[in-house]
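My notes follow in the order in which I looked.

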Amino acid sequence: MTRFARHLPFLAWPRLTPALARNEAVSALTVALVMIPQSVAYAHLAGMPLIAGLYATFLPPLLSVLFSASTRLSVGPSALSSVLVGASLAGLAAPASAEWVMLAVWMALVAGFVQLALGALRAAWVLNLVSSPILAGFSQAAALLIIVSQVPALLGLAGGIETLPQGPAHPTALAFGLGSVALFILGKRFAPRLPMVLIVLLASAAIAKWTGWSAHGSVVGDLPAGFPSPYAPGWPTLATLHAIVIPALVLALVSSLEMAASAKIESQRDGKRWDANQDLIGQGVGKIASAFSGSFPTSTSFSRSALTLYSGAKTGWATVFAAAFVALALLFFTPVLHHVPRAVLAAIVVAAVLNLVKPATFWRVGRIDRIEAAIALVTFAVTLAAAPRIYWGVLAGVVLGLCHFLYMRLHPRIIEVGLHPDGSLRDRHLWKLEPLGPDVYALRMDGELDFASSTWFEEAIVDHIAAHPGTRHVVMFAQPINRIDTTGVETFMQLRAMLEGRGIALHVSGIKLPVERVLEKAGALKASPLLHMYRTDAEALEALRNNASVQAV
């Protein structure tokens with residue numbers, strides 16, 4: 001059973017008792033009251049038929065939780081995944097058309113199978129390609145684009161942002177939209193326990209029907225009732241498929257990071273190790289289920305996942321109950337949605353993404369690392385400039401991040417050390433310390449001695465000896481070096497031969513056993529009067545003190 005439970009986590013769920021059922025049902029209802037209206041609004045953001053939002057919150061989260069290690073993730077439409085779908089498909093088809101739906105389904109399939117493959121191959125490390133600053137830059141730019149894209153609907157205008165110059169705002173639609181945004185913000189601050197999204201949705205539908213607005217204004221309209229029928233997408237052309245592959249890959253990465261943000265909170269709360277690979281499988285299954293439901297790619301909503309946790313959900317049974325509530329909505333709730341003004345849907349989206357706009361994040365990252373702050377700003381700028389192809393922002397950030405990583409690997413931190421008054425070895429030049437001796441060069445490299453760093457390491461020693469021809473001892477404090485490759489071994493042997501040829505003694509302190517074994521196998525540690533090995537830095541310092549030429553230590 002244990003082996004099967006590893007691949008089918010739902011087998012490890014506790015048996016459903018009356019007490020557990022009550023607890024999970026109450027938690028599921030709390031989440032469903034937020035998830036149902038949000039899903040309809042996010043379908044509009046993705047350019048999909050509005051009913052597709054409910055389809056994406058029915059089977060996808062149910063199947064996803066069965067294969068996920070984290071059982072309290074709220075899988076369904078999310079703001080970032082929805083805007084990626086809407087922006088990526090712009091210009092390829094008409095929104096909400098049959099061709100648009102087919103392309104969205106293919107995006108879900110490609111992204112889903114990518115996540116499924118990554119999880120199955122235990123390759124969750126790929127998520128590290130998108131760092132926190134990259135995601136921050138992208139999400140904030142995407143949030144601004146989302147807000148701008150909802151302005152026409154808030155004003156009561158049909159169409160996209162290009163319709164703004166065509167006519168004045170409709171006062172009633174504007175009142176619905178801005179009033180809803182205000183209520184969402186006030187409700188979150190003063191009445192966080194109330195399902196404000198559902199309350200505003202129902203109230204606006206009642207007002208629209210009572211005032212006659214739903215008869216001539218922009219409202220949701222008729223939605224089909226019932227469960228989704230199995231959907232089999234047609235084959236797109238190679239050109240179309242090529243156009244959606246890159247957006248789908250970016251979608252898979254962004255969706256995975258959304259999942260990671262929520263799953264880490266759950267694992268920390270429970271004190272358990274996070275199984276990223278199994279959660280990737282669950283996310284992939286959810287997207288594939290969404291595709292065959294005729295819907296768009298799902299993701300993990302951070303806010304709804306947090307609500308699931310803090311509403312008291314304990315197991316995946318909460319998601320099962322939530323799916324049951326969505327099933328009831330599909331059967332009986334769609335007539336109510338008919339009268340909801342589209343301005344209210346736009347307000348739901350705007351209120352949901354306002355939390356993503358955090359300009360102070362760039363300042364905070366800049367205080368930690370200016371280069372990473374620059375990468376975040378470039379990601380932000382490219383995302384805005386490339387709209388609607390916003391996935392280029394993530395790709396630009398990934399490329400810059402990899403370049404920064406490669407530069408740091410090629411330029412390891414190598415310092416000359418001196419003895420601090422507190423007894424520690426520190427950067428001699430930074431702390432203005434005396435050298436360990438008049439003819440001693442003591443250095444420490446913080447990094448691996450491999451093909452990327454060996455040249456830099458060699459140059460540091462050669463340049464010092466060239467500038468200080470009286471050097472008689474080179475002390476290598478090797479504790480930070482935890483790996484060495486063939487190039488590193490060759491560099492070490494060349495340096496040793498060069499030092500011995502000049503009569504300079506090499507002292508190696510604190511070398512790690514794996515590195516020492518590699519050097520021994522290569523014959524780089526053959527005994528010599530000019531090679532001295534020490535297990536600890538204290539031994540090395542004591543040996544230098546006993547050497548007549550370095551009494552200054």
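I began with strand β6 (residues 473-477) and found it joined to β7 by five bridges, the two strands running parallel; strands count as paired if DSSP finds at least two bridges between them. The model is a predicted one, in which local features need pLDDT of at least 70 and side-chain atom pairs count only at pLDDT 80 or more, while totals for chains, interfaces and linings use all residues. Residues are numbered from 1 along each chain as its sequence is written, and side-chain values use heavy atoms, with hydrogens and water left out.

I then followed the chain from β7 through helix α22 (residues 513-521) to β8 and recorded a right-handed β-α-β crossover, that is, one whose path from the first strand over the helix to the second runs clockwise with the strands pointing away from the viewer. A right-handed β-α-β unit is also made by β6, helix α21 (residues 486-501) and β7.

Why is β7 largely enclosed by the rest of the structure? I found that five of the five residues of this strand (residues 505-509) are buried, so it is largely enclosed; buried means under 20% relative accessible area, exposed over 50%, and partly exposed in between, with a 1.4 Å probe and protein chains only. In a regular strand the side chains alternate between the two faces of the sheet. In β7 both faces are covered, with A505, H507 and S509 buried on one side and L506 and V508 on the other.

Next I turned to the nonpolar cores, each a set of buried Ala, Val, Leu, Ile, Met, Phe, Trp, Tyr and Cys residues joined through side-chain atoms within 4.5 Å. The largest has 107 residues, of which M48, L201, L337 and L345 touch the most other members. Its largest share, twelve residues, comes from helix α6 (residues 98-120). A second, separate core of 27 residues includes L443, I484, V489 and V508.

Last, I looked up N277, placed in helix α13 (residues 276-291), and found it buried at a relative accessible area of 12%. Its side chain reaches the backbone nitrogen of A123 at 3.2 Å.

Terms used:
Helices (H or I, at least four residues) and strands (E, at least two) are DSSP runs, numbered from the N terminus. A polar contact is a pair of N or O atoms within 3.5 Å; within protein, one must be able to donate a hydrogen and the other to accept it, and residues adjacent in sequence count only if both atoms are side-chain atoms.
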